[in-house]
Amino acid sequence: MSQENAQPVNPDDLTDLKNRMKLISEADPKQYHNEYSLKRYLRAFKTVDAAFQAILKTNKWREEYGVKNLAETDAVKENMDKARVLRHRDCIGRPVIYIPAKNHNANERNIDDLTKFIVYCLEEACKKCFEEVTDNLCIVFDLNEFSTACMDYQLIKNLIWLLSKHYPERLGACIIINSPTIFSTIWPVIRAWLDDNTAKKVVFVNSEEELCKFLIPDILPTDM
């Protein structure tokens, strides 16, 4: 969402969280989160205590997972056809992650490597955010040429977990295009894993005219 439309946080809670994080980051600068990040954690986790604990867990996870060095790993280099952070943004300035489902086969992937690639894409997209304007992302799932072999329930679970635990309030919109009839039997399973707030961000787009409400269709790749 844009900062103008962002749900406000309690100023006292924000001050409290800032003070707690100041003590932590002064001892270890790698623990630092800016004000936009602190607000996202407060919106997602509701209380100062829960937000503070979630930030500490994220910081520990980032260090142990080697987030900063993922670009150099084979896990990322070997999965570049699975998704792309686009050069252009959506209509309200959000970075766009484009995922062509046809390039994925659930029976031929390494789930750990592919999850690392997802994290890499989320990181690259977040770096492109102009946080003063908008601090969340647009994810486009293109289901053109989709088949049941493309459907990877574990990968979707991993993405949902990452967004909820380590990238809270980063998802602005999830746009699903070219959805085939068969996906109507799959969607209810995925929907059950989503909280209502996240589910509201998922939009099925059935025409170019509808897609134009979110982004210019010409920015979507034709070489993947």
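Helix α1 passes helix α2 in a right-handed crossing. A crossing counts as right-handed if the near helix is turned clockwise from the far one by less than a right angle, and as left-handed if anticlockwise. Helices (H or I, at least four residues) and strands (E, at least two) are DSSP runs, numbered from the N terminus. The model is a predicted one, in which local features need pLDDT of at least 70, side-chain atom pairs count only at pLDDT 80 or more, and totals for chains, interfaces and linings use all residues. Residues are numbered from 1 along each chain as its sequence is written, and side-chain values use heavy atoms, with hydrogens and water left out.

Helix α1 spans residues 11-27 and helix α2 residues 35-45. Their axes lie 10 Å apart, and the packing angle is about 120°. Axes are lines fitted to C-alpha atoms, for helices over the stretch in contact, and angles run from 0 to 180 degrees between N-to-C directions. The angle makes α1 oblique to α2. Angles under 35 degrees count as roughly parallel, over 145 as roughly antiparallel, 65 to 115 as roughly perpendicular and the rest as oblique. On the α1 side, D13, L14, L17, K18 and M21 take part; they meet E35, L38, K39 and L42 of α2. Contact means heavy atoms within 4.5 Å. This contact has five nonpolar, no polar and four charged residues. Here Ala, Val, Leu, Ile, Met, Phe, Trp, Tyr, Cys and Pro count as nonpolar, Asp, Glu, Lys and Arg as charged, and the others, Gly among them, as polar.

Helix α5 takes part in two further pairs. With helix α3 (residues 48-65), α5 (residues 111-127) crosses at roughly 120°, and the axes come within 13 Å. The two helices are therefore oblique to each other. Their crossing is left-handed. α3 contributes W61, R62 and Y65; α5 contributes D112, T115, K116, V119 and E123. Three of these residues are nonpolar, one is polar and four are charged.

Helix α6 (residues 153-165) packs against α5 at about 40°, with the axes 10 Å apart. This pair is also oblique. Its crossing is right-handed. From α5 come I111, L114, T115, I118, V119 and L122, and from α6 Q154, L155, N158, L159, L162 and L163. Nine of the contact residues are nonpolar, three are polar and none is charged.

The whole chain holds nine helices and five strands. Along the sequence, their order is α-α-α-α-β-β-α-β-α-β-α-α-β-α. The radius of gyration, taken over C-alpha atoms, is 18 Å, close to the 17 Å that the globule rule gives for 224 residues, so the chain is as compact as a globular protein of that length. That rule is 2.2 Å times the number of residues to the power 0.38. Along the principal axes, the C-alpha atoms fill a box of roughly 50 × 35 × 35 Å.

An unreviewed UniProt entry annotates residues 73-224 as "domain: CRAL-TRIO". Over residues 73-224, the chain is 31% helix and 19% strand. The end C-alpha atoms of this stretch are 21 Å apart.

Key. UniProt positions are given in the numbering used here, feature names are shortened, and annotations may be inferred rather than shown by experiment.
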